[in-house]
Amino acid sequence: MNNSSSSKSHGLDQPELSGPTPKSLRTKMGKPEDSEKKIFHKKLKDVEISVPIVYGNISFWLGKKANEYQSHKWTVYVRGATNEDLGVVIKRAVFQLHSSFNNPTRVIESPPFELSECGWGEFEIAITLFFHSDVCDKPLNLFHHLKLYPEDESGPMSTKKPVVMESYDEIVFPEPSEAFLARVQNQPALIVPRLPAGSVLPPPVPVEDPSKRKRGDTKDHPMSQWFMNFSEADELLQLAAARQQVQAHIAKFRREISLLDGQQQQQVNSVSDQ
């Protein structure tokens with residue numbers, strides 16, 4: 001299944017979409033725990049930050065260059081659903097390949113979070129995402145079945161028509177820290193709620209040296225022409241934005257009700273004192 005090689009896309013044929021597109025998911029991460037490290041990060045109640053992602057693979061048949069052990073070049077990746085930079089949230093990604101590969105545990109320390117290989121067999125790839133310190137302490141585990149061969153195995157294979165297999169997910173961070181929201185509130189890769197009028201966030205603090213940071217979006221990726229468009233994902237993004245606005249209104253109403261309850265209780269206490 002092994003031997004390494006980077007891959008590039010060729011041709012203008014439509015990609016072979018392998019099987020039905022998996023249903024969109026919504027993965028909610030655990031709320032940040034109270035600890036000495038987190039005690040300085042004030043949490044925002046009734047607030048969620050969402051990160052739409054796509055993970056999958058694109059594979060090309062090698063044609064005349066194929067042999068018994070190397071029949072396909074493939075790339076497995078995690079990208080933003082709209083090809084924006086995920087590096088503002090994800091610190092590194094770990095891809096666990098089949099044990100037949102040299103160094104099967106591959107660590108990608110910066111975006112784009114991807115790796116390319118060459119082999120002949122399909123297998124499950126475990127993908128672990130680690131987040132920046134102000135985002136979440138716990139990693140997220142994803143699983144992707146590497147797809148090399150089209151569903152219609154009776155048809156001829158093409159070196160210009162890749163097999164594409166992608167899944168959509170929306171990572172949700174409930175009760176984020178003020179530091180996290182302040183840092184990413186203008187980042188297009190995330191769905192960030194509107195804060196109530198009068199809310200003030202602390203100045204954003206970068207989690208890495210901006211001068212050393214590389215561009216991490218995949219808009220000009222050499223294989224972007226093969227990326228799938230998730231129309232359902234677009235609807236989910238709109239729903240997520242609407243949901244966060246509703247949650248912001250609910251939080252505002254709760255504060256107003258709490259304030260009214262407090263005023264009412266004061267009136268009751270003043271009457272009982274007379």
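This is a predicted model: local features need pLDDT of at least 70, side-chain atom pairs count only at pLDDT 80 or more; totals for chains, interfaces and linings use all residues.

1. The open sheet. Four strands make up an open sheet, arranged in the order β6-β5-β8-β9 with antiparallel pairing. The edge positions belong to β6 (105-108) and β9 (140-145); each has a single partner strand, so one side of each is left without a neighbour in the sheet. From one strand to the next, the twist averages 20 degrees.

2. Pairing of β5 and β6. Strand β5 (residues 90-96) is joined to β6 by four bridges in the antiparallel sense. Within this pairing, Val 94 has Val 107 in β6 as its bridge partner.

3. Strands β4 and β7. Seven bridges connect strand β4 (residues 72-80) with β7, again in the antiparallel sense. Lys 73 is placed opposite Cys 118 of β7. Strand β7 (residues 113-119) is largely enclosed by the rest of the structure, because five of its seven residues are buried.

4. The largest nonpolar core. This core has 41 residues, of which Trp 74, Leu 129, Phe 131 and Phe 173 touch the most other members. Two or more residues each come from β3 (48-61), β4, β5, β7, β8 (124-131), β9, β10 (163-174) and α1 (178-184).

5. Surroundings of Phe 131. Which residues does Phe 131 contact, leaving aside its neighbours within four places in sequence? Its contacts include Met 29, Val 89, Ile 90, Leu 140, Ile 171 and Phe 173. Lys 91, Cys 136, Lys 138 and Pro 139 are also in contact with Phe 131.

6. Tyr 77 and Phe 227. The model has seven aromatic pairs. One of them, between Tyr 77 and Phe 227, is tilted, with 5.4 Å centre to centre and 50 degrees between the planes. Tyr 77 lies in strand β4 and Phe 227 in the loop between α1 and α2 (231-273), so the pair ties together parts that are 150 residues apart in sequence. Tyr 77 counts as buried because its relative accessibility is 3%, and Phe 227 is likewise buried, with a relative accessible area of 9%.

7. Phe 173 and Phe 180 form an edge-to-face pair, 5.9 Å centre to centre with 90 degrees between the planes. Both Phe 173 and Phe 180 are buried.

8. Cysteines. How many disulfides does the structure hold? The number is zero. Cys 118 has 2% relative accessibility and therefore counts as buried; Cys 136, at 9% relative accessibility, also counts as buried.

9. Lys 28. This residue belongs to strand β2 (residues 25-28). Lys 28 and Val 172 lie 144 residues apart in sequence, yet 4.5 Å separates them in space, C-alpha to C-alpha. Apart from its neighbours within four places in sequence, Lys 28 contacts Glu 48, Val 172 and Pro 174.

Note on methods:
Residues are numbered from 1 along each chain as its sequence is written. Side-chain values use heavy atoms; hydrogens and water are left out. Buried means under 20% relative accessible area, exposed over 50%, partly exposed in between (1.4 Å probe, protein chains only). Two strands pair if DSSP finds at least two bridges between them. A disulfide is a pair of cysteine sulfur atoms within 2.5 Å. Contact means heavy atoms within 4.5 Å. Axes are lines fitted to C-alpha atoms, for helices over the stretch in contact, and angles run from 0 to 180 degrees between N-to-C directions. A nonpolar core is a set of buried Ala, Val, Leu, Ile, Met, Phe, Trp, Tyr and Cys residues joined through side-chain atoms within 4.5 Å. Rings of Phe, Tyr and Trp (its six-membered ring) pair if their centres lie within 6.5 Å; planes under 30 degrees apart count as stacked, over 60 as edge-to-face and the rest as tilted.
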